[in-house]
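Here is a short note for a first look. Please keep the structure open as you read the points below.

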Amino acid sequence: MKGYFDDKLGQLDWSNILNTDDVNMAYKKFHKKFTDVYNETCPVVKLKLRRKNHKPWITASLSNACKKKNLLYKQFLKYRTEESQLKYKNYKNRLTSILRSSEKLYYADKLVKYKNDLKMTWRTLNEITQRKKKKKSNVNEFKSEDNIITDDKEIANCFVNFFTNIGPKLAEKIDKCPGRNYSNFLSNSVVNSMYLSPVTEDEIIKIVSKFRNKTSCGYDDMNMTVVKQIIVSIVQPLKHICNRSFETGIFPNDMKIAKIIPLFKSGDRKEFSNYRPVSILPQFSKIQEKLFYNRLISFVKDNNIMYNGQYGFRENHSTALALMELIEEITSNLDNKLVTTGVFIDLKKAFDTIDHSILIRKLCHYGVRGIASSWIKDYLSNRSQFFVYNGMSSERKILFAEYHRLLYLDLYYLYINDLANVSHELKFILFADDTNVFYTGKNIKDVSKVLNEELKHLSEWFKVNKLSLNVKKNKLHDI
């Protein structure tokens, strides 16, 4: 089916798209042509599949051996002789030993294969220990104020209303800081300005090839696995759309629609606040975003903009490296008989309360100006989302201009990049929205005095940047 779909796409005439300068119109034309061919060549077919209880270490020869064992058992039941019983038991014992060895070898090879992949290593270990996640079905009722909601469509609408309004509501509760604003903490601005270089076909193909083979679909029922297989046939019109986007500073509106799946975190399953929204974006928007992000991250690296203590969002940085730095810092201080105090800060809905006007001005400070700035502004505006619950879709909601969940371009790291400018006394180790602050001194009394004073400045930074703390999760430890 993929070959037929790919062939049909290869036969299309894209000239009407290549001659369209309006990026929104060009994308609409492209998307319609693409989906028309997709629906024609890849119709939805419902199949009933029998599930096989197949164990991957059982080869064809072992499977035949199992059949022979079953045959010997049937013969034993039929004749009930000592000879047939002995023959069956001996064969069964030898086969059991071989099966155990085969399983052991299979998992040993698998662990070696995934030795550098922590996620797959844990998945393999869970297979070995036969730990299975309990599949929790969706609840059929939710609490909304004083009412109990049972209709799936109404539940989906409540989800979209709750998460659309969560950012502005949280922002309203953040205390003001008179006489101070976000610019008080910024260092010197970057002189150079970011340039959106033209996109090439090879670049698009390379980017798409690195995406994971995911089958999750956005609002248009398209998944990345399909896009990866036919990217060569559509790369020409895509290149035109992406270049027009960078030339005009306009991000196509049809790429701004997010399909949201609510995932339960913890607590009462009937409370909307106990769910995490997982956003599934249109596949072609991911390509456009990645093209921009590659240019942004290259500019950030070339101009040495990123704070060195940020371990999230960066190549060759990880939680392991952050933890390594922390351990080295603590052990070194212990050797010198110094006291280290750590404050572990968790932000409340950090990605929901980012003020986009502050973000744009900070990006400008870091050199994202002109067309690049216009592109970001348009990218953040007129976004919409809808929730899907138990197969039912909510109505689509336009997100607030100033606040909505910033899930997309990893712009958060530049929003908090000036956090370390709050204090020259404190040491900051950051990983995305996890903020870890350390101070070292000769005794706990001196450490407490300095730390309390510096944390006042840190509190000011959070207020002027309109970020609120999750008090329940914040921790203070003396080492």
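1. Start at Ile 234. This is a predicted model. In it, Ile 234 touches Leu 9, Trp 14, Phe 30, Phe 34 and Phe 284, leaving aside residues up to four places away in sequence.

2. Next, the core. The largest nonpolar core has 85 residues. Phe 30, Ile 234 and Phe 284 are those with the most contacts inside it. Helix α9 gives the most to this core: 11 residues.

3. How do α3 and α9 pack? Helix α3 covers residues 23–41 and helix α9 covers residues 224–248. Their axes are 9 Å apart, at an angle of about 170°. Angles over 145 degrees count as roughly antiparallel, so α3 is roughly antiparallel to α9.

4. Which residues make that contact? From α3 come Val 23, Ala 26, Tyr 27, Phe 30, Phe 34 and Tyr 38. The α9 side includes Val 226, Ile 230, Ile 234, Pro 237 and Leu 238. Also on α9 are His 240, Ile 241, Arg 244, Ser 245 and Thr 248. By class, the contact has 12 nonpolar, three polar and one charged residues.

5. Now look at Asp 378. Asp 378 sits in helix α13, residues 370–380. Is Asp 378 buried or exposed? Its relative accessible area is 19%. Buried means under 20%, so Asp 378 counts as buried.

6. Finally, the surroundings of Asp 378. A polar atom of the Asp 378 side chain lies 2.7 Å from the backbone nitrogen of Phe 251. Not counting residues up to four places away in sequence, Asp 378 touches Gly 249, Ile 250, Phe 251 and Lys 256.

Note on methods:
Residues are numbered from 1 along each chain as its sequence is written. This is a predicted model: local features need pLDDT of at least 70, side-chain atom pairs count only at pLDDT 80 or more; totals for chains, interfaces and linings use all residues. Side-chain values use heavy atoms; hydrogens and water are left out. Axes are lines fitted to C-alpha atoms, for helices over the stretch in contact, and angles run from 0 to 180 degrees between N-to-C directions. Helices (H or I, at least four residues) and strands (E, at least two) are DSSP runs, numbered from the N terminus. Angles under 35 degrees count as roughly parallel, over 145 as roughly antiparallel, 65 to 115 as roughly perpendicular and the rest as oblique. Contact means heavy atoms within 4.5 Å. Ala, Val, Leu, Ile, Met, Phe, Trp, Tyr, Cys and Pro count as nonpolar, Asp, Glu, Lys and Arg as charged, and the others, Gly among them, as polar. Buried means under 20% relative accessible area, exposed over 50%, partly exposed in between (1.4 Å probe, protein chains only). A polar contact is a pair of N or O atoms within 3.5 Å; within protein, one must be able to donate a hydrogen and the other to accept it, and residues adjacent in sequence count only if both atoms are side-chain atoms. A nonpolar core is a set of buried Ala, Val, Leu, Ile, Met, Phe, Trp, Tyr and Cys residues joined through side-chain atoms within 4.5 Å.
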